[in-house]
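Here are some quick notes on the aromatic contacts in this one. Have a look at the model, then read on.

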Amino acid sequence: PVTASFRWKQAVAMGCGQAFAIFPGLSRSGLTLASGRFAGLPVVRATELAFLLGAPALGGAVLFTLVKGTMDLAGIGAGPLVVGFSGALVSSLLVMHLFLAMVRRFGLWIWSIYLLIISLLVLADELIVTIG
């Protein structure tokens, strides 16, 4: 099990890393995973724990939306909400499974290259819009 492969100090370090994601433009999962690596966890364990630590944060976001966005949600209707939530849940679980399989097989270097390429494309797009 995931919980048997890390110490509480590593979990606290990852939680602190996750807390920095309150600042705009910072990735919660990226900061959590990087904090786990800096705390000495192997890449697969850090990735698994980063996903586990996302559950309370995402659960809190859902609860906040349900409490504060009741009027907005009522306008959407129960059917579309259930379909949307179910689709998001299934696709999220699938992506987590595929990402963990990729990390187990290749590590994080492929993900790093992908993020670099996407970042450069976004920056290029912003520069084109600014200049044009």
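**Notes on the ring cluster**

1. Start with Phe99, which is buried at a relative accessible area of 13% (buried means under 20%, exposed over 50%, partly exposed in between, with a 1.4 Å probe and protein chains only). Keep in mind that this is a predicted model, where local features need pLDDT of at least 70, side-chain atom pairs count only at pLDDT 80 or more, and totals for chains, interfaces and linings use all residues. Residues are numbered from 1 along each chain as its sequence is written, and side-chain values use heavy atoms, with hydrogens and water left out.

2. Phe99 pairs with Trp111: the ring centres are 5.0 Å apart and the planes sit at 75 degrees, so this one is edge-to-face. Rings of Phe, Tyr and Trp (its six-membered ring) pair if their centres lie within 6.5 Å; planes under 30 degrees apart are stacked, over 60 edge-to-face, and the rest tilted. Trp111 is partly exposed, at 33% relative accessible area.

3. Searching the whole structure turns up three aromatic pairs. One of them is Phe51 with Phe99, edge-to-face at 6.0 Å centre to centre and 80 degrees between the planes. Phe51 is partly exposed, with a relative accessible area of 23%.

4. As for the overall picture, ring pairs join Phe51, Phe99, Trp111 and Tyr114 into a cluster.
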